There are 2 protein chains.
Amino acid sequence: MRDAFHDELNALTDRLVEMTRLVRSAMSRATTALIDADLQLAESVISQDAEVDRIHAGLESSIYELMATQQPVAVDLRTAITALRMGSDLERMGDLAEHVAKIARMRHPESAIPAEVRDTILEMGQIAERLVTKTGACIVGQDIELAKELETDDDEMDRLHRRLFRVLLSKNWSHGIEPAIDITLTGRYYERYADHAVRVARDVVYLVTGSRDPDPSE
Amino acid sequence: MRDAFHDELNALTDRLVEMTRLVRSAMSRATTALIDADLQLAESVISQDAEVDRIHAGLESSIYELMATQQPVAVDLRTAITALRMGSDLERMGDLAEHVAKIARMRHPESAIPAEVRDTILEMGQIAERLVTKTGACIVGQDIELAKELETDDDEMDRLHRRLFRVLLSKNWSHGIEPAIDITLTGRYYERYADHAVRVARDVVYLVTGSRDPDPSE
């Protein structure tokens, strides 16, 4: 039977899922902005991160209020605290998409991404989107099997990240230092974005099973 | 008047302060390991991060247990939840020190740090230490004036971070791509370490004043 408290918990879930949608869209646009040197798209990502922050702040306030007024215990308390953690990871994913967009903006009208790494960055962007899509589905469906898939996707992200360094360090690299710095930072942003998506999925597993694996060691 | 609950909250504070000491020592040793290409020191940072993780896990369990059994409200609830946030930031600072140590280890027996950026990295290391020392003092003394000083130290960190990029991009840079990648990542680790120290200090302000500034935009 549902009650007011559980309706409020469900509303929190809806907001977390909404955050996954926003940070997915942000990273998707940031990737395109980076590859196509699209300033307008980059600006849209940068300005719209405020919306993610706004939802996050509202989520935190609601959770604090819920805890203060309803004094949840056991599973309900765990859910409320875990929703705080998830919200903070998703907020950070929005920041990371914004960082990618800022690199695109900084190098406009040039692209920060030379041809040799274009495909790798595109793939990292696709995996980032796939990860956060699954994260959203995990939250909605409390799906712990799906949560495990994210670990595999994250391994794929790490593999691409290493490939990026191999290109930068190959003797054919002809673009000098500045693009190497941009790509090093960009790679780091995608990798961290993926780590946070995995953390959120692990929180779903924790909510469902009550036990937690150690945090991902990057 | 003190009671069992507040004794437990004080014990949480002690553990947070202990974490500031460990992550300060870790970053201090990581900086030396990086500059001096000291493999043994780098290994000590890497292996001892498990101790930070262990304290953090214990802290989290204690807070969950405290919340479940004591059902704190109002200020006590805020304190318990904020201690969770602080613990997670400090745990992350340990990871970042470990990342710096891993760069030192990867380049051993060479130093990852060419002479031109040695002083800047040393200064970043010193500011990192100063920040976390103040963070610890803020926690102990609930000192909101000191918390404000961290913002200034963090500005100094950002200034050094920009200086690092100027050196990498100067036409005198003769060390090629690999050290540029190492230094880009290292700079990022110090900068993030500082951001997390500032977040913890802001949490102290929040606990004392009950209101929160927006999160630092990096």
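This is a predicted model: local features need pLDDT of at least 70, side-chain atom pairs count only at pLDDT 80 or more; totals for chains, interfaces and linings use all residues.
Let me begin with chain A as a whole. Its secondary structure comes to six helices and zero strands, so that reading along the sequence gives the pattern α-α-α-α-α-α. The C-alpha trace of chain A spans about 65 × 35 × 20 Å along its principal axes. The radius of gyration of chain A is 19 Å, close to the 17 Å that the globule rule gives for 218 residues, and chain A is therefore as compact as a globular protein of that length. Of those 218 residues, 53% are buried, and if we take the contacts in chain A with a separation of 6 or more, 81% of them are between residues 24 or more positions apart.

Now to the packing of one helix pair in chain B. The axes of helix α1, residues 4-36, and helix α4, residues 115-141, come within 9 Å and cross at roughly 175 degrees; because an angle over 145 degrees counts as roughly antiparallel, that is the description that applies to α1(B) and α4(B). The residues of this contact divide into 12 nonpolar, eight polar and four charged. On the α1(B) side they include B:Leu16, B:Val17, B:Thr20, B:Arg24 and B:Met27, while on the α4(B) side B:Ile121, B:Leu122, B:Glu129, B:Val132 and B:Thr135 are among them.

In chain A, A:Thr135 lies in helix α4, residues 115-141. Is A:Thr135 buried or exposed? Its relative accessibility is 0%, and A:Thr135 therefore counts as buried. Leaving aside residues up to four places away in sequence, A:Thr135 touches A:Thr20, A:Leu150, A:Ala197, A:Val200 and A:Ala201. Of these, A:Val200 is 65 residues away from A:Thr135 in sequence, yet the two are 6.7 Å apart in space, C-alpha to C-alpha.

Finally, the backbone. Most residues other than glycine have a negative phi, and most peptide bonds are trans. Against that background, a cis peptide bond joins A:His108 and A:Pro109, with omega about 5 degrees, and A:Pro109 is found in the loop between α3 and α4 of chain A. In chain B, a cis peptide bond joins B:His108 and B:Pro109, again with omega about 5 degrees, and B:Pro109 is in the loop between α3 and α4 of chain B.

As for phi, A:Gln71, in the loop between α2 and α3 of chain A, has a positive value of about 40 degrees although it is not a glycine, and at 34% relative accessibility A:Gln71 is partly exposed. A:Gln142, in the loop between α4 and α5 of chain A, has a positive phi of about 50 degrees, and with a relative accessible area of 39% A:Gln142 is partly exposed.

Technical notes. Residues are numbered from 1 along each chain as its sequence is written. Chains are lettered from A and ligands numbered from 1 in the order in which they are written. Side-chain values use heavy atoms; hydrogens and water are left out. Axes are lines fitted to C-alpha atoms, for helices over the stretch in contact, and angles run from 0 to 180 degrees between N-to-C directions. Helices (H or I, at least four residues) and strands (E, at least two) are DSSP runs, numbered from the N terminus. Angles under 35 degrees count as roughly parallel, over 145 as roughly antiparallel, 65 to 115 as roughly perpendicular and the rest as oblique. Contact means heavy atoms within 4.5 Å. Ala, Val, Leu, Ile, Met, Phe, Trp, Tyr, Cys and Pro count as nonpolar, Asp, Glu, Lys and Arg as charged, and the others, Gly among them, as polar. The radius of gyration is taken over C-alpha atoms; the globule rule is 2.2 Å times the number of residues to the power 0.38. Buried means under 20% relative accessible area, exposed over 50%, partly exposed in between (1.4 Å probe, protein chains only).
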